[in-house]
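Work through the exercises below with the sequence and the 3D structure at hand. Try each task before reading its solution.

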Amino acid sequence: MKTPIAYFLIVSAALFTIGTIGVMVRRNALVMFMSIELQLNGVNLALVAFSRMHGDLTGQVITFFSLVVAAAEVVVGLAIIVNVFRRRRSTNVDDLSLLKW
Amino acid sequence: MSPDQLVFWVFAPISIGSAIAMLFQRNAVHAALLLIVNFLTLAVFYLVLDASFLFAVQVIVYAGAIMVLFLFVIMLLGVDRNEALAERLRWQRPAAVLLGLGVMAELTFAIRAGVGFATKGAEAFATTANEGGNTLALSKVLFRDYFFPFEATSVLLIVAAIAAMVIAHRQRRAITRAEQTATPVAEAEPEPVS
(Lines give C-alpha, C1' and ligand atoms only; values in the text may rest on other atoms or scores of the structure.)
Protein backbone atom coordinates (compact mmCIF):
# COMPACT_ATOMS: atom_id res chain seq x y z
CA MET A 1 0.00 0.00 0.00
CA LYS A 2 1.56 3.21 -1.15
CA THR A 3 -1.06 5.79 -0.24
CA PRO A 4 0.01 7.70 2.87
CA ILE A 5 -2.33 7.14 5.80
CA ALA A 6 -2.63 10.90 6.28
CA TYR A 7 -4.64 11.17 3.04
CA PHE A 8 -7.35 8.94 4.47
CA LEU A 9 -7.27 10.96 7.68
CA ILE A 10 -7.71 14.17 5.67
CA VAL A 11 -10.75 12.67 3.92
CA SER A 12 -12.15 11.57 7.27
CA ALA A 13 -11.58 15.05 8.74
CA ALA A 14 -13.30 16.58 5.71
CA LEU A 15 -16.32 14.30 6.12
CA PHE A 16 -16.51 15.12 9.82
CA THR A 17 -16.35 18.84 9.06
CA ILE A 18 -19.03 18.61 6.37
CA GLY A 19 -21.23 16.72 8.83
CA THR A 20 -20.65 19.40 11.46
CA ILE A 21 -21.56 22.18 9.04
CA GLY A 22 -24.63 20.18 8.01
CA VAL A 23 -25.87 19.90 11.57
CA MET A 24 -25.43 23.63 12.10
CA VAL A 25 -26.86 24.81 8.76
CA ARG A 26 -29.76 22.51 7.94
CA ARG A 27 -33.12 22.84 9.72
CA ASN A 28 -34.77 19.60 8.63
CA ALA A 29 -34.42 17.10 11.49
CA LEU A 30 -33.94 14.19 9.09
CA VAL A 31 -31.12 15.88 7.17
CA MET A 32 -29.48 16.92 10.44
CA PHE A 33 -29.62 13.28 11.46
CA MET A 34 -27.98 12.25 8.18
CA SER A 35 -25.23 14.77 8.85
CA ILE A 36 -24.63 13.15 12.23
CA GLU A 37 -24.28 9.80 10.44
CA LEU A 38 -21.73 11.46 8.16
CA GLN A 39 -19.73 12.57 11.20
CA LEU A 40 -19.83 9.06 12.65
CA ASN A 41 -18.59 7.63 9.36
CA GLY A 42 -15.77 10.13 9.19
CA VAL A 43 -14.57 9.01 12.60
CA ASN A 44 -14.93 5.35 11.57
CA LEU A 45 -12.69 5.95 8.58
CA ALA A 46 -10.09 7.56 10.84
CA LEU A 47 -10.21 4.54 13.18
CA VAL A 48 -9.71 2.07 10.32
CA ALA A 49 -6.88 4.18 8.90
CA PHE A 50 -5.13 4.24 12.29
CA SER A 51 -5.64 0.49 12.56
CA ARG A 52 -3.88 0.08 9.21
CA MET A 53 -1.13 2.47 10.22
CA HIS A 54 -0.26 0.68 13.45
CA GLY A 55 -0.86 -2.86 12.22
CA ASP A 56 -3.33 -3.46 15.04
CA LEU A 57 -6.93 -4.63 14.65
CA THR A 58 -8.28 -2.83 17.73
CA GLY A 59 -9.31 0.15 15.62
CA GLN A 60 -11.45 -2.07 13.43
CA VAL A 61 -13.09 -3.64 16.49
CA ILE A 62 -13.97 -0.18 17.79
CA THR A 63 -15.36 0.72 14.37
CA PHE A 64 -17.53 -2.37 14.63
CA PHE A 65 -18.88 -1.21 18.00
CA SER A 66 -19.40 2.25 16.62
CA LEU A 67 -21.53 0.74 13.83
CA VAL A 68 -23.70 -1.03 16.39
CA VAL A 69 -24.14 2.12 18.43
CA ALA A 70 -24.97 4.09 15.27
CA ALA A 71 -27.65 1.55 14.35
CA ALA A 72 -29.23 1.80 17.81
CA GLU A 73 -29.01 5.59 17.69
CA VAL A 74 -30.70 5.75 14.28
CA VAL A 75 -33.55 3.53 15.44
CA VAL A 76 -34.29 5.61 18.55
CA GLY A 77 -33.71 8.95 16.80
CA LEU A 78 -36.02 8.18 13.90
CA ALA A 79 -38.71 6.98 16.32
CA ILE A 80 -38.44 10.33 18.12
CA ILE A 81 -38.65 12.23 14.82
CA VAL A 82 -41.75 10.25 13.79
CA ASN A 83 -43.33 10.93 17.16
CA VAL A 84 -42.57 14.66 16.97
CA PHE A 85 -43.96 14.78 13.44
CA ARG A 86 -47.24 13.25 14.64
CA ARG A 87 -47.68 16.02 17.20
CA ARG A 88 -46.34 19.01 15.28
CA ARG A 89 -46.85 18.06 11.60
CA SER A 90 -43.32 19.29 10.92
CA THR A 91 -39.73 18.06 10.88
CA ASN A 92 -38.32 21.57 11.04
CA VAL A 93 -36.36 21.95 14.27
CA ASP A 94 -37.21 25.66 14.50
CA ASP A 95 -40.82 24.64 15.20
CA LEU A 96 -39.79 22.66 18.26
CA SER A 97 -39.39 25.56 20.65
CA LEU A 98 -41.50 24.24 23.53
CA LEU A 99 -38.58 24.08 25.96
CA LYS A 100 -37.27 27.51 24.99
CA TRP A 101 -37.76 30.32 27.48
CA MET B 1 0.77 5.06 -9.65
CA SER B 2 -0.04 1.95 -7.67
CA PRO B 3 -3.58 0.45 -7.65
CA ASP B 4 -4.46 1.63 -4.15
CA GLN B 5 -3.40 5.19 -5.01
CA LEU B 6 -5.55 5.07 -8.12
CA VAL B 7 -8.56 3.84 -6.11
CA PHE B 8 -7.99 6.55 -3.53
CA TRP B 9 -7.77 9.40 -6.02
CA VAL B 10 -10.85 8.18 -7.85
CA PHE B 11 -13.02 7.68 -4.79
CA ALA B 12 -11.90 10.51 -2.50
CA PRO B 13 -13.40 13.26 -4.73
CA ILE B 14 -16.61 11.23 -5.10
CA SER B 15 -16.79 10.82 -1.33
CA ILE B 16 -16.27 14.48 -0.46
CA GLY B 17 -18.32 15.67 -3.44
CA SER B 18 -21.33 13.58 -2.52
CA ALA B 19 -21.07 14.75 1.11
CA ILE B 20 -21.00 18.42 0.06
CA ALA B 21 -23.81 17.88 -2.46
CA MET B 22 -25.87 16.36 0.35
CA LEU B 23 -25.85 19.69 2.18
CA PHE B 24 -27.34 21.52 -0.79
CA GLN B 25 -30.25 19.18 -1.46
CA ARG B 26 -33.57 20.64 -0.47
CA ASN B 27 -35.30 17.29 -0.98
CA ALA B 28 -34.56 14.83 1.83
CA VAL B 29 -34.73 11.82 -0.52
CA HIS B 30 -31.96 13.21 -2.71
CA ALA B 31 -29.86 13.88 0.38
CA ALA B 32 -30.36 10.27 1.50
CA LEU B 33 -29.35 8.91 -1.92
CA LEU B 34 -26.18 11.03 -1.94
CA LEU B 35 -25.41 9.78 1.55
CA ILE B 36 -25.66 6.19 0.26
CA VAL B 37 -23.08 7.06 -2.42
CA ASN B 38 -20.85 8.47 0.30
CA PHE B 39 -21.19 5.33 2.44
CA LEU B 40 -20.32 3.11 -0.53
CA THR B 41 -17.14 5.11 -1.21
CA LEU B 42 -16.25 4.70 2.46
CA ALA B 43 -16.72 0.95 2.03
CA VAL B 44 -14.20 1.07 -0.83
CA PHE B 45 -11.77 2.91 1.45
CA TYR B 46 -12.14 0.13 4.02
CA LEU B 47 -11.28 -2.39 1.33
CA VAL B 48 -8.15 -0.44 0.39
CA LEU B 49 -7.21 -0.28 4.09
CA ASP B 50 -7.34 -4.11 4.34
CA ALA B 51 -10.53 -4.18 6.43
CA SER B 52 -12.60 -6.47 4.22
CA PHE B 53 -14.99 -7.49 7.00
CA LEU B 54 -15.87 -3.87 7.70
CA PHE B 55 -16.32 -3.36 3.95
CA ALA B 56 -19.09 -5.95 3.96
CA VAL B 57 -20.59 -4.62 7.19
CA GLN B 58 -20.53 -1.06 5.87
CA VAL B 59 -22.41 -2.04 2.72
CA ILE B 60 -24.94 -4.23 4.53
CA VAL B 61 -25.56 -2.21 7.71
CA TYR B 62 -25.03 1.39 6.61
CA ALA B 63 -25.80 1.54 2.90
CA GLY B 64 -28.39 -1.18 3.31
CA ALA B 65 -30.21 -1.24 6.61
CA ILE B 66 -29.74 2.24 8.07
CA MET B 67 -30.36 4.14 4.84
CA VAL B 68 -33.42 2.04 4.02
CA LEU B 69 -34.73 2.96 7.47
CA PHE B 70 -34.04 6.62 6.68
CA LEU B 71 -35.83 6.43 3.33
CA PHE B 72 -38.71 4.60 4.97
CA VAL B 73 -39.15 7.38 7.53
CA ILE B 74 -38.85 10.08 4.81
CA MET B 75 -41.60 8.37 2.84
CA LEU B 76 -43.68 8.02 6.00
CA LEU B 77 -43.42 11.73 6.79
CA GLY B 78 -44.17 12.90 3.25
CA VAL B 79 -41.67 13.28 0.42
CA ASP B 80 -43.02 16.46 -1.12
CA ARG B 81 -42.19 18.68 1.83
CA ASN B 82 -39.35 20.97 0.86
CA GLU B 83 -37.42 22.60 3.61
CA ALA B 84 -37.97 26.27 4.24
CA LEU B 85 -34.62 27.89 3.68
CA ALA B 86 -35.39 31.00 5.68
CA GLU B 87 -32.99 31.35 8.56
CA ARG B 88 -33.94 32.78 11.92
CA LEU B 89 -30.46 33.98 12.75
CA ARG B 90 -29.00 35.76 9.75
CA TRP B 91 -25.37 35.21 10.71
CA GLN B 92 -25.75 31.53 11.54
CA ARG B 93 -25.00 30.09 8.10
CA PRO B 94 -21.77 32.03 7.37
CA ALA B 95 -20.67 31.51 10.96
CA ALA B 96 -21.23 27.75 10.63
CA VAL B 97 -19.20 27.55 7.40
CA LEU B 98 -16.44 29.71 8.87
CA LEU B 99 -16.19 27.65 12.05
CA GLY B 100 -16.33 24.45 10.00
CA LEU B 101 -13.39 25.59 7.91
CA GLY B 102 -11.61 26.40 11.18
CA VAL B 103 -12.22 22.83 12.39
CA MET B 104 -10.92 21.48 9.09
CA ALA B 105 -7.75 23.58 9.27
CA GLU B 106 -7.20 22.53 12.85
CA LEU B 107 -7.65 18.83 12.06
CA THR B 108 -5.30 19.08 9.09
CA PHE B 109 -2.70 20.73 11.29
CA ALA B 110 -3.16 18.02 13.93
CA ILE B 111 -2.77 15.27 11.32
CA ARG B 112 0.36 16.92 9.99
CA ALA B 113 1.83 17.27 13.47
CA GLY B 114 0.75 13.88 14.81
CA VAL B 115 1.01 11.52 11.82
CA GLY B 116 2.85 13.35 9.08
CA PHE B 117 1.95 13.35 5.42
CA ALA B 118 4.56 10.73 4.49
CA THR B 119 3.67 7.95 6.96
CA LYS B 120 2.65 4.75 5.20
CA GLY B 121 0.72 1.84 6.65
CA ALA B 122 2.46 -0.94 8.56
CA GLU B 123 4.42 -3.32 6.37
CA ALA B 124 3.03 -6.79 5.64
CA PHE B 125 -0.33 -6.08 7.27
CA ALA B 126 -1.89 -9.08 5.50
CA THR B 127 0.52 -11.55 7.08
CA THR B 128 0.89 -10.06 10.57
CA ALA B 129 -2.29 -8.42 11.86
CA ASN B 130 -4.59 -9.98 9.26
CA GLU B 131 -3.10 -13.45 9.64
CA GLY B 132 -5.54 -16.07 8.36
CA GLY B 133 -7.81 -13.44 6.79
CA ASN B 134 -9.31 -10.25 8.12
CA THR B 135 -12.53 -11.82 9.43
CA LEU B 136 -10.73 -14.54 11.39
CA ALA B 137 -8.17 -12.13 12.85
CA LEU B 138 -10.89 -9.62 13.75
CA SER B 139 -12.99 -12.28 15.45
CA LYS B 140 -9.98 -13.36 17.50
CA VAL B 141 -9.50 -9.82 18.80
CA LEU B 142 -13.24 -9.29 19.27
CA PHE B 143 -14.01 -12.47 21.17
CA ARG B 144 -10.83 -12.62 23.23
CA ASP B 145 -10.14 -9.04 24.25
CA TYR B 146 -13.52 -7.36 23.76
CA PHE B 147 -15.97 -10.07 24.66
CA PHE B 148 -17.74 -8.17 27.45
CA PRO B 149 -18.32 -5.01 25.36
CA PHE B 150 -19.57 -7.27 22.58
CA GLU B 151 -22.19 -8.76 24.91
CA ALA B 152 -23.07 -5.28 26.16
CA THR B 153 -23.89 -4.23 22.56
CA SER B 154 -26.49 -7.00 22.39
CA VAL B 155 -28.21 -5.49 25.44
CA LEU B 156 -27.94 -2.08 23.77
CA LEU B 157 -29.63 -3.34 20.60
CA ILE B 158 -32.50 -4.92 22.53
CA VAL B 159 -33.01 -1.76 24.56
CA ALA B 160 -32.96 0.33 21.37
CA ALA B 161 -35.52 -1.93 19.67
CA ILE B 162 -37.88 -1.79 22.66
CA ALA B 163 -37.39 1.97 23.00
CA ALA B 164 -38.25 2.51 19.33
CA MET B 165 -41.43 0.49 19.73
CA VAL B 166 -42.44 2.38 22.88
CA ILE B 167 -41.70 5.83 21.42
CA ALA B 168 -43.28 5.29 17.99
CA HIS B 169 -46.30 3.42 19.31
CA ARG B 170 -49.62 5.18 18.73
CA GLN B 171 -52.66 4.53 20.88
CA ARG B 172 -55.10 3.95 18.07
CA ARG B 173 -58.26 3.27 20.04
CA ALA B 174 -58.27 6.50 22.04
CA ILE B 175 -57.83 8.64 18.91
CA THR B 176 -60.53 6.90 16.86
CA ARG B 177 -63.08 7.15 19.67
CA ALA B 178 -62.40 10.83 20.08
CA GLU B 179 -62.71 11.33 16.34
CA GLN B 180 -65.95 9.35 16.23
CA THR B 181 -67.55 11.58 18.84
CA ALA B 182 -66.05 14.78 17.40
CA THR B 183 -66.78 14.48 13.67
CA PRO B 184 -70.64 14.05 13.65
CA VAL B 185 -71.05 17.15 15.81
CA ALA B 186 -68.77 19.22 13.61
CA GLU B 187 -70.57 18.16 10.46
CA ALA B 188 -74.11 18.45 11.82
CA GLU B 189 -73.78 21.92 13.33
CA PRO B 190 -73.47 24.12 10.19
CA GLU B 191 -76.58 22.68 8.52
CA PRO B 192 -79.31 24.26 10.73
CA VAL B 193 -77.58 27.64 10.51
CA SER B 194 -77.60 27.72 6.72
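**Exercise 1: The interface**

In this predicted model, 72 residues of chain B are in contact with 64 residues of chain A. Find which helices of chain B supply at least two residues of the side that touches chain A, and sort that side by class.

Solution.
- Step 1. The helices of chain B that each supply at least two residues are H1 (3-23), H2 (28-48), H3 (52-77), H4 (92-114), H5 (134-145) and H6 (147-168).
- Step 2. Sorted by class, this side of chain B holds 54 nonpolar, eleven polar and seven charged residues.

**Exercise 2: The make-up of chain B**

Describe the elements of chain B, and state what percentage of its 194 residues is buried.

Solution.
- Step 1. Chain B contains eight helices and zero strands, so its order from the N terminus reads α-α-α-α-α-α-α-α.
- Step 2. Of the 194 residues in chain B, 21% are buried.
- Step 3. Among the contacts in chain B with a separation of 6 or more, 54% join residues 24 or more positions apart.

**Exercise 3: The span of a helix**

Check whether the length of helix H2 (residues 29-54) of chain A agrees with 1.5 Å a residue.

Solution.
- Step 1. The helix has 26 residues. The expected span is 1.5 Å times one less than the number of residues.
- Step 2. This gives 38 Å for H2 of chain A, and its end C-alpha atoms are 38 Å apart, so the two agree.
- Step 3. As for burial, 21 of the 26 residues of H2(A) are buried.
- Step 4. Just after H2(A) comes A:Gly55, with a positive phi of about 65°.

**Exercise 4: The largest nonpolar core**

Which residues of the largest nonpolar core touch the most other members, and which element gives the most to this core?

Solution.
- Step 1. The core has 64 residues, and those touching the most other members are A:Leu9, A:Leu30, A:Met34, A:Leu45, A:Ala49 and B:Tyr46.
- Step 2. Two or more residues each come from helix H1 (5-25), H2 and H3 of chain A, and from H1, H2, H3 and H6 of chain B.
- Step 3. H2(A) gives the most, with 13 residues.
- Step 4. Take A:Leu30 as a case: beyond four places away in sequence, A:Leu30 touches A:Ile81, A:Thr91, B:Ala28, B:Val73 and B:Ile74.

**Exercise 5: One residue**

Is A:Ala71 buried, exposed or partly exposed?

Solution.
- Step 1. A:Ala71 lies in helix H3 (residues 58-88) of chain A.
- Step 2. There are 18 other C-beta atoms within 10 Å of A:Ala71. A buried residue needs 20 or more, and an exposed one has 12 or fewer.
- Step 3. A:Ala71 is therefore partly exposed.
- Step 4. Leaving out residues up to four places away in sequence, A:Ala71 touches B:Val61 and B:Ile66.

Note on methods:
Residues numbered from 1 in each chain as written. Chains lettered and ligands numbered in written order. Predicted model: local features only at pLDDT ≥ 70, side-chain atom pairs only at ≥ 80, totals over all residues. Contact = placed C-beta atoms within 7 Å. Helix = DSSP H or I, 4+ residues; strand = E, 2+ residues; numbered from the N terminus. Nonpolar A, V, L, I, M, F, W, Y, C, P; charged D, E, K, R; others polar. Core = buried A, V, L, I, M, F, W, Y, C linked by C-beta atoms within 7 Å.
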